[in-house]
Amino acid sequence: MSKLSIKDQTLNISGKIVIANITVLLKDFDHKFGKEKISKLNLKDVEEIDGAGVSFIETILDRNKLTSESLENGNPTIMKTIEIFKTIKGESAVKPVPDNIFVKTGDNFLSFIKQIVDGLYLASDTIWWSITGIVNKKGRRKGSVTEQAIAIGLDALPIVALLSFVIGFILTLQSGFQLQKFGANVYIADLLSISIVREMGPLITAIIIAGRSGSAIASEIATMKVTEEIDALKMMALNPIKYVIVPKFHAITLTMPILVAFSILISMGAGLLISVGFLDVALEVYISRSINILAVKDIIITLIKTITFSWLIVIIGAYYGMKVTGGAEGVGKATTSSVVTSIFAVILADAAFSLIYL
Amino acid sequence: MKKDIIIKTTDLVAKYGDNIVLDGISVEMYKGEVTVILGTSGCGKTTLLKNILRMYQPFSGKVEIFGEEVLNLDDDQFNEILKRTGMLFQNGALLNSITVYDNVAIPLEQHTNLTREIIDRIIKTKLHLVNLDHAVYLTPSELSGGMKKRAALARALALEPEILFCDEPSAGLDPVTSADLDKLIINLKNQLNMSMVIVTHELASIHRIADRIIYLHKGKLLFAGTLDQAKKSGIPQVEEFFEIGSF
């Protein structure tokens with residue numbers, strides 16, 4: 001058991017000064033001798049001391065503005081432990097003060113501008129190498145485009161199909177029964193055709209691909225970056241953009257339009273089931289109306305839109321992957337940011353397309 | 001003088017799938033000593049350490065820490081034992097999202113009722129001990145490999161452990177830092193009577209710190225004894241290990 005007592009401004013400490021009992025000791029000290037003046041600490045009866053015990057002694061010294069010279073009578077082992085564990089004043093790092101709101105806002109704005117500039121650089125590099133990469137296949141692994149096309153396109157097919165079916169189903173139910181009130185059942189085909197081909201198909205597919213493949217692209221590249229694989233490629237005189245990003249770029253450019261077409265077909269199929277089954281629309285009428293309402297322009301816009309979305313997804317994923325800092329935690333952050341940003345960018349681009357081609 | 005046994009394993013067998021990694025290991029480690037677990041890569045050194053600490057469940061055998069049979073304890077009881085030990089992982093294993101200061105604070109805040117004033121001082125003391133005064137408020141991603149390891153050591157020492165486990169403490173450190181670390185280990189042993197279990201390859205370090213050697217070879221215990229005994233053991237693999245280092 002440890003004890004404190006005071007005599008002639010000397011604090012006598014006895015027993016064990018270890019982590020288990022310093023809370024009690026400090027409370028005891030505050031309670032009994034908090035206001036007493038102390039000029040010396042007598043350690044004669046200290047039996048044992050550990051690192052936390054040294055912290056206790058230093059706290060008492062500090063509060064009374066004393067130095068270690070005020071310690072007396074400690075046996076050599078105790079004094080050596082104190083020597084090993086003592087902190088040295090003034091050398092500790094200063095706790096950083098958080099920036100004020102103006103500095104923060106300015107910093108955020110500047111880093112936003114920098115992000116956009118960096119993103120554009122990466123985009124231009126990627127697009128350049130992707131175009132030259134069509135003819136010049138040097139500098140990337142054989143079969144990598146096929147591999148990526150399977151990962152980004154084929155593997156996403158089931159989830160795209162399922163969601164497209166559900167969306168088509170919901171859209172038909174929601175709008176069909178409203179039209180029915182006015183006896184305009186038959187226009188459901190026109191409505192579905194326009195909304196799914198021009199809007200829902202590309203958008204839904206892009207959002208799924210951004211969540212699924214965009215995150216995979218970002219996390220793969222980010223992991224390569226933190227484990228120095230990207231640097232290793234550079235040191236083998238390879239261009240990481242050509243080796244890692246271009247195959248993904250080609251693969252997504254090829255597969256996204258196919259996925260969107262597939263998604264449109266499935267959604268229209270779901271619409272057909274509801275329309276023919278519950279809204280008294282004849283099968284032939286549904287098919288002919290949904291095809292006739294579409295203009296070539298609609299198909300072309302959808303294609304352009306789809307390719308734009310796919311490029312946004314791959315470039316944003318690659319950008320966040322490439323700029324990752326820190327270890328495993330950085331990879332997680334990069335992935336999250338890439339998904340959020342690419343979904344945001346896809347929706348923004350969609351709005352822009354809607355404005356341009358009304 | 002009879003020494004207190006602090007860790008004891010009896011016929012410890014560990015497997016990865018069907019692959020036997022530790023084959024009937026029976027060793028004793030003593031209080032206030034530095035026990036070094038040695039062996040070539042892949043011989044099961046880290047596995048032994050992790051089986052002792054229940055990070056992996058041994059296939060069969062017994063492990064005693066502080067005289068208690070740990071494999072039979074429930075989680076709460078085992079946590080009480082863990083609070084009396086510290087572990088330094090190979091790559092530090094610091095929590096990356098918080099500062100070095102907060103990393104060292106975790107065990108102190110969670111397992112003690114110390115006041116903020118003392119906690120703050122203990123953290124700074126521990127970081128001073130490992131020469132990281134300048135890095136208190138940095139995050140682990142801003143530290144070099146060696147600094148991470150030293151910060152992790154400060155965290156392992158936070159609760160004044162009775163046993164310190166270290167998995168390759170000096171791997172990847174420069175010789176000067178490595179020697180400083182060894183000095184710290186010796187100081188902790190001498191001043192606080194701390195026991196250490198260290199997995200390492202570094203011969204220079206072994207010569208400086210080791211009291212006792214446990215040599216594993218292909219999952220089997222080849223030798224257990226003092227450093228001097230190891231050098232004259234007459235076991236070819238063990239002697240070769242020390243000879244290669246004296247080239």
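A salt bridge here is a side-chain nitrogen of Lys or Arg within 4 Å of a carboxyl oxygen of Asp or Glu. By that criterion, the whole structure holds 26 salt bridges over all chains. The model is a predicted one.

**Salt bridges**

- Side chains of opposite charge can pair when their charged atoms come close.
- In chain A, K16(A) and E48(A) form such a pair, with their closest N and O atoms 3.8 Å apart.
- This pair links distant parts of the chain, since K16(A) belongs to strand β2 of chain A and E48(A) to strand β3 of chain A, 32 residues apart.
- Between chain B and chain A the count is three salt bridges.
- One of them brings together the side chains of E117(B) and R63(A), at 2.6 Å from N to O.

**The contact between chain B and chain A**

- Chain B contributes 28 residues to the contact, and chain A contributes 30 residues.
- The two chains bury about 2,600 Å² between them, and 62% of this area lies on carbon and sulfur atoms.
- On the side of chain B, the residues that lose the most area to chain A are R121(B), Y137(B) and Q191(B), which together account for 26% of what that side buries.
- Nine residue pairs are in polar contact between chain B and chain A, counting pairs with both residues at pLDDT 80 or more.
- Helices α4 (116–129) and α6 (175–192) of chain B each supply at least two residues of the side that touches chain A.
- The largest share of that side, nine residues, comes from α4(B).
- Sorted by class, the side of chain B that touches chain A has 11 nonpolar, 11 polar and six charged residues.

**The sheet of chain A**

- Four strands of chain A form an open sheet in the order β1-β2-β3-β4, with mixed pairing.
- The edge strands are β1 (3–7) and β4 (71–72) of chain A, each of which pairs on one side only.
- Helix α1 (residues 22–33) of chain A packs on the sheet and touches β1 and β2 of chain A, its direction making about 30 degrees with that of β1(A).
- Helix α3 (residues 76–85) of chain A lies across β3 and β4 of chain A and runs at about 100 degrees to β3(A).
- Strands β1(A) and β2(A) pair in the antiparallel sense over five bridges, and K7(A) stands opposite T10(A) in β2(A).
- Strand β2 (residues 10–17) of chain A runs parallel to strand β3 (residues 40–49) of chain A, and seven bridges join them.
- Within β3(A), L41(A) is the residue opposite L11(A).

**The sheet of chain B**

- Six strands of chain B form an open sheet in the order β6-β7-β8-β3-β9-β10, again with mixed pairing.
- Strands β6 (85–88) and β10 (220–226) of chain B stand at the edges with a single partner strand each, so one side of each is left without a neighbour in the sheet.
- From one strand to the next, the twist averages 15 degrees.
- Strand β6(B) pairs with strand β7 (residues 163–167) of chain B in the parallel sense over four bridges, and the bridge partner of M87(B) in β7(B) is F165(B).
- Strands β9(B) and β10(B) pair in the antiparallel sense over six bridges, with I213(B) opposite G225(B) in β10(B).
- The hairpin of β9(B) and β10(B) has two residues between the strands, and K218(B) takes a positive phi near 50 degrees.
- Helix α1 (residues 45–52) of chain B lies across β3 (34–38), β6, β7, β8 (195–199) and β9 (212–217) of chain B, running at about 145 degrees to β7(B).
- Helix α6(B) lies across β3 and β8 of chain B at about 150 degrees to β8(B), and this helix also supplies at least two residues of the side of chain B that touches chain A.

Methods:
Residues numbered from 1 in each chain as written. Chains lettered and ligands numbered in written order. Predicted model: local features only at pLDDT ≥ 70, side-chain atom pairs only at ≥ 80, totals over all residues. Heavy atoms only, no water. Contact = heavy atoms within 4.5 Å. Buried area = accessible area lost by both parts, 1.4 Å probe. Polar contact = N/O pair within 3.5 Å; in protein donor to acceptor, adjacent residues only side chain to side chain. Nonpolar A, V, L, I, M, F, W, Y, C, P; charged D, E, K, R; others polar. Pairing = 2+ DSSP bridges. Axes fitted to C-alpha atoms, helices over the stretch in contact; angles between N-to-C directions.
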